[in-house]
Amino acid sequence: MLEVVPLGGLGEFGMNMLALSYAQTTIVVDAGVMFPDPELLGVDRIIPDFAYLQQRTPPAALILTHGHEDHIGAVPHVAPLVDGPIYGTPLTLALAEPKLQEHGIGSRPLVPVKPRQRITVGPFEIEFIRVTHSMPDCVALAIYTPAGVVVHTGDFKIDQTPINGDYFDVHRFAELGAAGVLALFADSTNIDRRGFTGSERDVTEAFEEIFTSAAGKLIVSAFASSIYRMQILVDLAARFDRKVAFVGRGMIQNSEIAQRLGHLHIPTGVQIRDSDVANHRPQDVLCITTGSQGEPLSALSRIAVDNHRFVKVTDDDTVVLSARAIPGNEKSIGRVINHLARRGADVIHEGIKHVHVSGHGSEEELKLMLSLVKPKYFVPIHGEYRQLSQHARVARKVFAARDPHPEILLAENGDVLLFDELGGRIAGKAPVGRVLIDGTKTGEIADEVLRDRRHLAEDGLVVPVVAINRQTGALEGVPDIITRGFVLEDGDGLLADGMRMLSEVVEQTSVEERTDQGLIKEKLRVELRRFFRKRSGRRPFVLPVIMEI
Ligand SMILES: [Zn+2]
Ligand SMILES: [Zn+2]
């Protein structure tokens, strides 16, 4: 009997994770994170609850479809539970590896795989199939089990003019469909969009216009994983005689990995360091930065409030947000745009010019996948419930005239899907949930409420209260620090130092930053957490309160 349990990504966007078990062997497909609202204080990321995996024989393999955070962000958290290798394409593994190292889990065997290659894990045989998406080296999976073949699409769109010539393997999906597929698990992200999504190349025209008209510096913000976007920008920069600087840790790191693995080609002499930007005339520079979601401490947020070490924005400059706003981030992004506009920059985003194209297939691409694979059972994955149910509706239309119809299993996280001689069905519920991670590298694993309680019980709560004059941005009086849940030796001295430190932090920020609640709160949170860790060895929950007077 084959048992499949989605542990994340069904009924929500992000933290995609699926467990498949046959007899005593379990394998896990993807281990992603979900990013909280950037202003949700005290939380850096959200990962799936692993209780279900902890109850079973340790998984014999972790299989990754591609290198986006919502598929690999939780790898260092789940890796200690896995008793076997981590499989993925070279780029996916190269993006996952630094995360493992950061968490001190360097010894995991990482096994690179190629499209059309097959590996065996116990009763499972797994074949990797090339798909196109918004980054290189993405695969879907055909998982051969004694109960039948399961196809997992990963994230995909059908890009017929891929930047690097790695084509979507339509043939393989068609062959699998012809041979008979038990179940298809398919990406539902863009089921709400009609037609086809379009190629990664589609943004080239808009960027050509921007390169032609930009008078000063050109700053383009995108996801650090948008390697195709980087390539398009680098090629245009070379054509328009601009030097390229990658700005922001993730962007620098990923551009290096992409170059090393041959996914990003930069002509000699085109790339400069971020610290070199100021040494070139503005009209000769293109900066590719992180921060497209308005993350308070990202490069673009810093640039926007004139607090970046190397990059300044003036009124000749053009800033392009070349990414979709992840729902929930609109406010932070709007704030960054306001700061940039106040500096006089021309800010261009998706709503103004076609500077972003999605990596997920729209309705027609998803229909094509359904009719190629024509499974016995169809399970929509990757999306909120409304996307999953819309995908089910579309599937019914696709198969309306086909006999027999595939059966649709509309599952949510934790639903136990069983496939045996009686067929496929949802039978029972496994434990699932979300775990909030707050930047401590140990990656505490627990139910979120329990975790918060334990955190508060062990390390206490710290609430810095800072009053700021709304008009002038001046600090009003001495900041106060309220603590709950811990007693410290020389607590008064420590708190007095903490208050002084807070005053200094506030005084060192610009008025613009001080009057920006999101920015100043995040700054105080980070500084105060560092202060308590250093001085008391504790990691209290820090919840800044800013009073505007
Ligand atoms: Zn993706
Ligand atoms: Zn995804």
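Modeller: In this predicted model, a cavity is a set of grid points where a 1.4 Å probe fits but cannot get out.

Colleague: What volume does the largest cavity have?

Modeller: The count comes to 2 cavities of 30 Å³ or more. For the largest cavity, the volume is about 50 Å³.

Colleague: Which class, nonpolar or charged, has 1 residue in the lining of the largest cavity?

Modeller: The lining of this cavity consists of Gly8, Leu10, Asn16, Met17, Leu18, Val29, Asp30, His152, Ile381 and His382. By class, 5 of these residues are nonpolar and 4 are polar. Asp counts as charged, and the class with 1 residue is charged.

Colleague: Which helix supplies the largest share of the lining of the second largest pocket?

Modeller: This pocket holds about 160 Å³ of space, and its lining is made up of Phe246, Ile252, Ser255, Glu256, Gln271, Ile272, Arg273 and Asp274. By class, that lining has 3 nonpolar, 2 polar and 3 charged residues. At least two lining residues each come from helix H8 (249–260) and strand S15 (271–272). The largest share, 3 residues, is from H8.

Colleague: How many nonpolar residues are in the contact of H11 with H12?

Modeller: From H11, the residues Glu363, Leu366, Lys367, Leu370 and Ser371 meet His391, Val394, Ala395, Lys397 and Val398 of H12. Of the residues in this contact, 2 are polar and 3 are charged. The nonpolar residues number 5.

Colleague: Is the crossing of H14 and H16 left-handed or right-handed?

Modeller: Helix H14 (residues 491–508) and helix H16 (residues 517–536) pack with their axes 11 Å apart, at an angle of about 145°. The crossing of H11 and H12 is right-handed. H14 passes H16 in a crossing that is right-handed.

Colleague: How many charged residues does the contact of H14 with H16 have?

Modeller: On the H14 side are Leu494, Leu495, Asp497, Gly498, Met501, Leu502, Val505 and Val506. They meet Lys523, Leu524, Glu527, Leu528, Phe531, Phe532, Arg535 and Ser536 of H16. By class, the contact has 10 nonpolar and 2 polar residues. The number of charged residues is 4.

Definitions and conventions:
Residues numbered from 1 in each chain as written. Chains lettered and ligands numbered in written order. Predicted model: local features only at pLDDT ≥ 70, side-chain atom pairs only at ≥ 80, totals over all residues. Heavy atoms only, no water. 1 Å grid on protein atoms, 1.4 Å probe; cavity = no way out; pocket = protein on both sides within 12 Å on 5 of 7 lines; lining within 4 Å. Points joined across faces, edges and corners; volume = space filled by probe spheres on them. Helix = DSSP H or I, 4+ residues; strand = E, 2+ residues; numbered from the N terminus. Left-handed = near helix turned anticlockwise from the far one by under 90°. Contact = heavy atoms within 4.5 Å. Axes fitted to C-alpha atoms, helices over the stretch in contact; angles between N-to-C directions.
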